[in-house]
Amino acid sequence: MAQIIRRPEWHVEDRFVTPEHSYRARRAFLRQLGLTAAGLFASPRVGGAEAADKSPAARGGARKGFPAARNKAFDPGWRFTDEKVFLTYNNYFEFSTQKDRPHLLTDKFRIDPWPVQIYGLCEKPMTLDARELEEMFGLEERVYRFRCVEAWSAVVPWTGFELRKLVEKAVPKAEAKFLRFETATRPAEMPGWARLLEQGYPLPYNEGLRLDEAMHPLALVATGLYGKPLAKQNGAPIRLVVPWKYGYKSIKSIVKIEFTAKQPVGLWEALQPNEYPFLSNVNPDVPHPRWSQAVERVVDTGDRIRTLPYNGYAGQVSGLYKRG
Ligand SMILES: Nc1nc2c(c(=O)[nH]1)N[C@H]1C(S)=C(S)[C@@H](COP(=O)(O)O)O[C@H]1N2
Ligand SMILES: [Mo]
């Protein structure tokens, strides 16, 4: 059972942090005083079909491939984070820097059609719609832990396909060592865009992976969550989920995937390289320069649990980082 850690206060002072964040943290703390919280791994499971019924109406309508069969190899039986909470507590700065706002601000954001350009140092560059990618590679469901650098976490059933399949289809050239991903540039449809630009954010949002990381079976391209297509605030129609890295590596609403020889510098790394380095693997022993990473707050229950190396995926991914 995961150990619940109780602390009198929760301090995460960060550029991400908003009044809403402190409000929620305070509320979670108050709630915690009144109950003996069950651990992440001990709690009865919620979610699945039940949770799907409660999902926000924005994701209504059937779509081919949904719900996808769950891949048993990626389902450790964890309790899912409450769907409503996960869909309304977002980091999507192009919409708003307040976590409770992105889901209210997505009306203008058009996600169909959605061409994704795959290019650079590969033999088979291609531009395909997000839907075509789904059909080409097929969909499955996987239950992953998700850990934000701000020290909150969740357990989410994602729908998607392995990034590796896309990489193989494009056939990387020998010089290709990295992938660079870019989010859509849609100032008129993303209400937070102008403000970010004013504040000096090097938009569009972009991120990178080493090619061997991108080829790891855990690296997922997600087009859905909780059995339905992605909500816009969670990165519709197509995003990355890299569960052993801090959440900001899991870039949303991808329009470009480039094979490169040079290590890309992501948006966060460009702003603060010492706080948001390229690899950004979850590591409880390496504090963020402004707070500890030893403990995380489970976003729906408010429980505090210990953060695990590589977010619990050390057995699968630590081999990527052995010197050799
Ligand atoms: N384009 C884009 N991608 C993004 C972000 C963002 O602001 N813009 N935020 C990142 C951060 S910090 C986190 S924690 C996750 C949050 O994903 P979620 O809202 O689905 O939980 O998305 C990541 N991807
Ligand atoms: Mo994050």
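The structure is a predicted model, in which local features need pLDDT of at least 70, side-chain atom pairs count only at pLDDT 80 or more, and totals for chains, interfaces and linings use all residues. Residues are numbered from 1 along each chain as its sequence is written, chains are lettered from A and ligands numbered from 1 in the order in which they are written, and side-chain values use heavy atoms, with hydrogens and water left out.

**Overall make-up**

- Of the 324 residues in the chain, 57% count as buried, where buried means under 20% relative accessible area, exposed over 50% and partly exposed in between, using a 1.4 Å probe and protein chains only.
- Among contacts (heavy atoms within 4.5 Å) between residues at least 6 apart in sequence, 76% join residues at least 24 apart.

**Strand E3**

- Strand E3 spans residues 140-147 and is largely enclosed by the rest of the structure, because 8 of its 8 residues are buried.
- In a regular strand, side chains alternate between the two faces of the sheet.
- Both faces of E3 are covered, with Glu-140, Arg-142, Tyr-144 and Phe-146 buried on one side and Glu-141, Val-143, Arg-145 and Arg-147 buried on the other.
- E3 runs antiparallel to strand E4 (residues 152-162), to which 8 bridges join it; two strands pair if DSSP finds at least two bridges between them.
- Within this pairing, Arg-145 stands opposite Val-155 of E4.
- The two strands E3 and E4 form a hairpin with 4 residues between them, and Ala-151 in the turn has a positive phi of about 75°.

**Thr-307**

- Thr-307 lies in the loop that connects strand E12 (304-306) with helix H9 (314-317).
- With a relative accessible area of 5%, Thr-307 is buried.
- The side chains of Thr-307 and Glu-296 are joined by a polar contact of 2.6 Å; such a contact is a pair of N or O atoms within 3.5 Å, where within protein one must be able to donate a hydrogen and the other to accept it, and residues adjacent in sequence count only if both atoms are side-chain atoms.
- The side chain of Thr-307 also reaches the backbone oxygen of Gln-293, at 3.4 Å.
- Leaving aside residues up to four places away in sequence, Thr-307 touches Arg-147, Val-282, Pro-284, Gln-293, Ala-294, Val-295 and Glu-296.

**Cavities**

- The structure has 2 cavities of 30 Å³ or more; on a 1 Å grid over the protein atoms alone, a cavity is a set of points where a 1.4 Å probe fits but cannot get out, and lining residues have an atom within 4 Å of a point.
- The largest cavity holds about 330 Å³ of space, a volume being the space filled by probe spheres set on grid points that are joined across faces, edges and corners.
- Its lining comprises 26 residues, and Asn-91, Tyr-92, Tyr-205, Gly-247 and Lys-252 lie nearest the centre.
- The second largest cavity holds about 40 Å³ of space.
- Residues lining the second largest cavity are Val-116, Leu-163, Leu-166, Phe-181, Val-221, Ile-238, Leu-240, Ile-254 and Ile-257.
- Helix H5 (163-170) and strand E10 (254-260) are the elements that give two or more residues to the lining of the second largest cavity.

Terms used:
On a 1 Å grid over the protein atoms alone, a cavity is a set of points where a 1.4 Å probe fits but cannot get out, and a pocket is an open set with protein on both sides within 12 Å along at least five of seven lines; lining residues have an atom within 4 Å of a point.
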